[in-house]
Amino acid sequence: MILKTVDDTRDFGVRLAAVLRPGDLVVLSGPLGAGKTALAQGVGRGLRVLGDVTSPTFVIARVHRPDRAAGGTVPMVHVDAYRLGNVTDPRAQVDDLDLDASVEDSVTLVEWGEGMVEQLADAYLEVRIDRRDDEARVIELIAHAGDWTDRVATLSEAAAEHA
Ligand SMILES: Nc1ncnc2c1ncn2[C@@H]1O[C@H](COP(=O)(O)OP(=O)(O)OP(=O)(O)O)[C@@H](O)[C@H]1O
Ligand SMILES: [Mg+2]
C-alpha cells in the first residue's frame, strides 16, 4: 500500500483500528521518521481514545483510555520498544510496568526500530513502514500467527475499495 501524505497514514490507522480487539499486539516497524507515531495517531482516533498520541520518547509506555462518551471501549497502550530492549513479548514487559491497564484488555501498539521484530514469539501484526524519496510511505502488513492472516485480508480488501 502506498500512503502519500501523513493524513493518508493516519486514515490507514483508523481503518486498522476497525479490525483490532482487546489483547492484540501491533508492531510498527520502520526507520526514524517513517510515520510510526502518525499511524498510531490514526489507530487512537479509530479506537476513540483520550489524549494526544505522541512519541512515547520519555516514557516506556503510555495508556490512552477509551473516550466512552465518544463510543470508545478499548484502552490503547502505546509503547516505545526502543526502551524495552530485547524482549520476546513486549506485552509481558508492559504488564510488569503496572500501568493501571492490563494488556489483555487493551490494544498494545509498539514502535519498534528496524530489524527488531524477528525475536518476537507471540501472535502479532507487523506494520512495516518505509520512506520513499518522494515522502510517500510504503506500508506492508505482515501477519505473524494467530488469525492475523484473515484480518490482513480484510484490511487489504478495504484498502482496495478505498483506493
Ligand atoms: N506519507 C506520510 N506518512 C507519514 N508521515 C509522513 C508522510 N509524509 C510525511 N510525513 C512526515 O513524516 C514524519 C513522521 O513522523 P513520525 O513521528 O510519525 O515517525 P516515527 O516513525 O514515529 O519516528 P520515530 O522513529 O522518531 O519514532 C512526520 O513529520 C510527518 O508529517
Ligand atoms: Mg515515533
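I129 has its place in strand β6, in what is a predicted model. This residue is buried, because 21 other C-beta atoms lie within 10 Å and 20 or more count as buried.

**I129 and L28**
- Although I129 and L28 are 101 residues apart in sequence, their C-alpha atoms are 7.4 Å apart in space.
- Not counting residues up to four places away in sequence, I129 touches L28, G30, A34, G35, K36, L39, R137 and I139.
- L28, leaving aside its neighbours within four places in sequence, is in contact with K36, L39, A40, L109, V110, E111, W112, V127 and I129.

**The largest nonpolar core**
- This core has 36 residues, of which V26, L28 and L109 touch the most other members.
- Two or more residues each come from α1, β2 (25-29), α2, β4 (76-80), β5 (107-112), β6 (124-131), β7 (137-144) and α4 (148-162), and α2 gives the most, with five residues.

**Helices α1 and α2**
- The axes of α1 (residues 6-17) and α2 (residues 36-47) come within 6 Å and cross at roughly 45°, which means that α1 is oblique to α2.
- The crossing in which α1 passes α2 is right-handed.
- On the α1 side the contact is made by V6, T9, R10, D11, F12, G13, V14, L16 and A17, and on the α2 side by A38, L39, A40, Q41, G42, V43, R45, G46 and L47.
- Sorted by class, the contact of α1 with α2 has 10 nonpolar, five polar and three charged residues.

Technical notes:
Residues are numbered from 1 along each chain as its sequence is written. Chains are lettered from A and ligands numbered from 1 in the order in which they are written. This is a predicted model: local features need pLDDT of at least 70, side-chain atom pairs count only at pLDDT 80 or more; totals for chains, interfaces and linings use all residues. Axes are lines fitted to C-alpha atoms, for helices over the stretch in contact, and angles run from 0 to 180 degrees between N-to-C directions. Helices (H or I, at least four residues) and strands (E, at least two) are DSSP runs, numbered from the N terminus. Angles under 35 degrees count as roughly parallel, over 145 as roughly antiparallel, 65 to 115 as roughly perpendicular and the rest as oblique. A crossing is left-handed if the near helix is turned anticlockwise from the far one by less than a right angle, and right-handed if clockwise. Two residues are in contact if their C-beta atoms, placed from the backbone, lie within 7 Å. Ala, Val, Leu, Ile, Met, Phe, Trp, Tyr, Cys and Pro count as nonpolar, Asp, Glu, Lys and Arg as charged, and the others, Gly among them, as polar. A nonpolar core is a set of buried Ala, Val, Leu, Ile, Met, Phe, Trp, Tyr and Cys residues joined through C-beta atoms within 7 Å. A residue is buried if 20 or more other C-beta atoms lie within 10 Å of its own, exposed if 12 or fewer, and partly exposed in between; C-beta atoms are placed from the backbone.
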